[in-house]
Amino acid sequence: MTTLYLHNLGCSKNQVDGEAFAGWAALQGIELIDAAEEAEIIVINTCAFIDAAKDEAIDAILAAGQLKETARCQRLYVCGCFPQRFKEELQAELPAVDGFYGVQEWSDLQNQLKPETTAAADPLLHRIIGTPGHYAYLRIADGCNRGCTYCVIPQIRGKYHSRPPENIIWEAQLLAANGVKELLPVAQELNSYGHDLNAGHKNKPLIDLLGRLGQIDGIEWIRPLYLHPPACDEELLIFWASQPKLCPYLDLPIEHASDRMLRAMGRGGSQKQLRQLLETARSLIPGVVIRTSMIVGFPGETDADFEELLSFVAAMEIARLGSFQYSPEDGTPAALLPDQIPDEVKAERQTRLMELQADISEERCLARVGQVAEVFVDFYEKETGYSIAHSRLELPDLDGEILIQGELQAGSKLKVRFTSATEYDLFAEIVDA
């Protein structure tokens with residue numbers, strides 16, 4: 001069997017796992033193809049963070065299972081977070097799957113496919129990126145020690161463990177040599193980077209690493225993702241403002257604004273500290289864009305708690321905001337809390353929050369009409385006739401899009417003027433290539 005289809009689900013950290021496996025497969029002479037119907041081997045890399053992710057994974061597994069009956073598929077394997085949490089249950093319920101492998105068991109799958117294989121010392125150095133070639137995720141650590149009461153990441157990924165800085169720099173140089181212009185350093189949270197390597201305290205190891213990444217020739221933009229808000233200090237923000245390659249973009253998962261909810265979630269900090277952080281960031285980093293996420297319907301969330309969240313969002317006018325309905329996960333302290341919120345209340349609160357955010361986002365988008373910005377073109381949508389791009393203020397594939405009429409070369413860097421806006425997207429015309 002020499003053809004393989006890889007289906008990545010979940011977050012960017014999960015995608016990096018899949019990319020490392022794809023790199024291994026290519027080195028073994030296994031052909032990676034884009035059509036599941038034509039593949040002899042199908043590998044589904046799953047997420048299991050919340051119920052919606054588990055449902056998505058099950059749908060993908062069932063669809064792939066059908067291809068064993070109707071197409072060329074001879075082997076179906078499921079990897080990642082879902083089997084890490086529920087391997088025994090999945091084995092009983094999904095007999096069409098030939099093997100389940102958790103996040104620490106990719107080498108076992110490799111041995112199943114190629115028994116004589118020796119695992120690479122650092123498989124991330126050989127990965128094949130699944131993003132457009134001009135930007136790529138760069139995982140600097142895995143696992144988490146924070147202990148948020150709703151989160152299963154420590155159970156799935158284990159304790160926080162940093163990659164050696166030399167490996168990270170080497171990988172970044174390889175990416176740059178292969179045409180990557182924008183790096184997106186990722187971890188479950190970045191602020192703890194290097195603490196387990198005795199590389200320093202607070203944010204110094206992260207600052208040192210980002211400074212070295214900024215010196216790599218060919219890299220033009222660096223967009224670090226997933227900063228723990230209580231761990232972000234003025235030293236980090238001052239450094240950020242001093243680095244021309246660091247995008248004025250801070251990804252700060254806040255999760256809630258009620259002090260009572262923050263304590264129950266195990267997030268640390270307070271609303272007062274969050275407000276101060278955002279205000280300090282805006283004063284030190286000109287034009288900075290904040291991205292965050294919020295959880296609605298956490299156990300015990302009262303109407304007053306939720307109204308406090310709405311007031312915070314309205315006052316802070318955060319540019320990018322996503323939301324999740326709380327999902328009780330087995331093995332987490334929050335799943336055992338009293339006063340679980342009914343699903344219909346969660347849904348109603350999420351709707352209200354996102355309606356508020358849509359108004360904030362539309363106002364901010366309209367304020368950019370007439371402005372000029374540099375963008376990278378990500379891909380062309382044949383169905384609409386627009387090329388999709390992003391600037392230093394958008395996270396590609398997640399934030400709103402910049403749409404430019406006509407087919408443009410992916411990876412090209414252009415100067416555009418924004419001509420109109422919707423709630424989340426901007427339309428633009430080329431000023432200079």
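Guide: Lys13 lies over the face of Tyr226, 3.7 Å from the ring centre; a charge counts as over a ring if NZ of Lys or CZ of Arg is within 6 Å of the ring centre and within 35 degrees of the ring normal. Arg223 lies over the face of Tyr249, at 4.9 Å from the ring centre. The model is predicted, so local features need pLDDT of at least 70 and side-chain atom pairs count only at pLDDT 80 or more, while totals for chains, interfaces and linings use all residues. Residues are numbered from 1 along each chain as its sequence is written, and side-chain values use heavy atoms, with hydrogens and water left out.

Turning to ring pairs, the structure holds eight aromatic pairs (rings of Phe, Tyr and Trp, the last by its six-membered ring, with centres within 6.5 Å; planes under 30 degrees apart are stacked, over 60 edge-to-face, the rest tilted). One of them is the tilted pair of Phe21 and Trp106, at 5.3 Å centre to centre and 40° between the planes. This pair links distant parts of the chain, 85 residues apart: Phe21 belongs to helix H1 (residues 12–27) and Trp106 to helix H4 (residues 106–113) (helices are DSSP runs of H or I, at least four residues, and strands runs of E, at least two, numbered from the N terminus). Both Phe21 and Trp106 are buried, meaning under 20% relative accessible area with a 1.4 Å probe, protein chains only. Together with Trp24, Phe21 and Trp106 form one aromatic cluster.

Note on methods
Buried means under 20% relative accessible area, exposed over 50%, partly exposed in between (1.4 Å probe, protein chains only).
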